[in-house]
Amino acid sequence: MPGSRLHVIIEQTVADGPCYILDIHIRGSDRSPILDVVLDSDTGPTADVLAAVSREIRFAVDIEISTPYTLNVSSPGADRPLVLPRQFRKHIGRTLRVSLGNEEDPQLEVGRLEAANEEGIELGGVGYVPYSSICSAKVNLPW
């Protein structure tokens with residue numbers, strides 16, 4: 001089964017639930033694909049929520065494909081970049097490491113995330129930063 005069809009099945013299954021998709025990666029062979037799905041939620045998905053969504057995805061995929069496959073459903077790790085406005089809003093009050101400019105010569109800024117909307121963020125010590133200026137943003141971990 002082509003990967004694009006699996007993407008659609010997973011997206012439709014997750015669409016109205018408590019989580020949103022950060023990444024779907026399909027690897028392996030067509031005879032035995034491995035589906036890696038990274039989910040997040042506005043409050044952070046619990047293990048129980050991830051297990052429930054995983055069961056829903058497995059049920060939907062089982063209906064569509066008859067070949068054996070592996071399904072890995074997880075939440076983003078602490079070192080995963082923030083990419084969606086709703087992820088930034090979830091981290092208001094935390095310190096971020098933000099690379100600005102272009103990927104070849106980024107300017108690193110560290111500051112407290114003061115606000116986030118659909119167009120950009122307010123970063124303490126830096127000011128307003130539109131998402132289009134952000135190459136990468138991660139929560140600055142204390143260790």
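1. Two strands are taken as paired where DSSP finds at least two bridges between them; helices (H or I, at least four residues) and strands (E, at least two) are DSSP runs, numbered from the N terminus. The model is a predicted one, in which local features need pLDDT of at least 70 and side-chain atom pairs count only at pLDDT 80 or more, while totals for chains, interfaces and linings use all residues. Residues are numbered from 1 along each chain as its sequence is written, and side-chain values use heavy atoms, with hydrogens and water left out.

2. The open sheet comprises three strands in the order 1-2-3, and its pairing is mixed. Strand 1 (20–28) and strand 3 (70–74) are the edge strands; each has a single partner strand, so one side of each lacks a neighbour in the sheet. From one strand to the next the twist averages 15°; axes here are lines fitted to C-alpha atoms, for helices over the stretch in contact, and angles run from 0 to 180 degrees between N-to-C directions.

3. Within this sheet, eight bridges pair strand 1 with strand 2 (residues 33–40) in the antiparallel sense. Helix 2 (residues 47–64) lies across strand 2 and strand 3, and runs at about 150° to strand 3.

4. A separate antiparallel pairing joins strand 6 (120–123) to strand 7 (residues 127–130) through four bridges. G120 has P130, in strand 7, as its bridge partner. The two strands, strand 6 and strand 7, form a hairpin with three residues between them, and G125 in the turn has a positive phi of about 85°.

5. A polar atom of the Q87 side chain lies 2.8 Å from the backbone nitrogen of V83. Apart from neighbours within four places in sequence, Q87 is in contact (heavy atoms within 4.5 Å) with Y20, L22, D40, P81 and L82.

6. S41 is placed in the loop between strand 2 and helix 2 and is buried, with a relative accessible area of 6%. The S41 side chain reaches the backbone nitrogen of G44 at 2.9 Å. With neighbours within four places in sequence left aside, the contacts of S41 are P18, C19, Y20 and K90. The C-alpha atoms of S41 and L22 are separated by 9.7 Å, the two residues being 19 residues apart along the chain.

7. On the cysteines, the structure holds zero disulfides, a disulfide being a pair of cysteine sulfur atoms within 2.5 Å. C19 is buried, with a relative accessible area of 5%, whereas C135 is partly exposed, at 27%.

8. Seven salt bridges are counted, each defined as a side-chain nitrogen of Lys or Arg within 4 Å of a carboxyl oxygen of Asp or Glu. One of them joins the side chains of R5 and E64 at 3.5 Å, N to O. R5 lies in helix 1 (residues 3–14) and E64 in helix 2, so this pair ties together parts that are 59 residues apart in sequence. R5 is partly exposed, at 32% relative accessibility, and E64 is also partly exposed, at 35%.

9. D23 and R80 form a further salt bridge, with their closest N and O atoms 3.5 Å apart. D23 is located in strand 1 and R80 in the loop between strand 3 and helix 3, so the pair ties together parts that are 57 residues apart in sequence. D23 is partly exposed, with a relative accessible area of 30%; R80 is likewise partly exposed, at 29%.

10. The side chains of E118 and R89 also meet in a salt bridge, at 2.8 Å, N to O. E118 sits in the loop between strand 5 (107–116) and strand 6, and R89 in helix 3, so this pair ties together parts that are 29 residues apart in sequence. R89 counts as partly exposed, at 35% relative accessibility.

How values were computed. Buried means under 20% relative accessible area, exposed over 50%, partly exposed in between (1.4 Å probe, protein chains only). A polar contact is a pair of N or O atoms within 3.5 Å; within protein, one must be able to donate a hydrogen and the other to accept it, and residues adjacent in sequence count only if both atoms are side-chain atoms.
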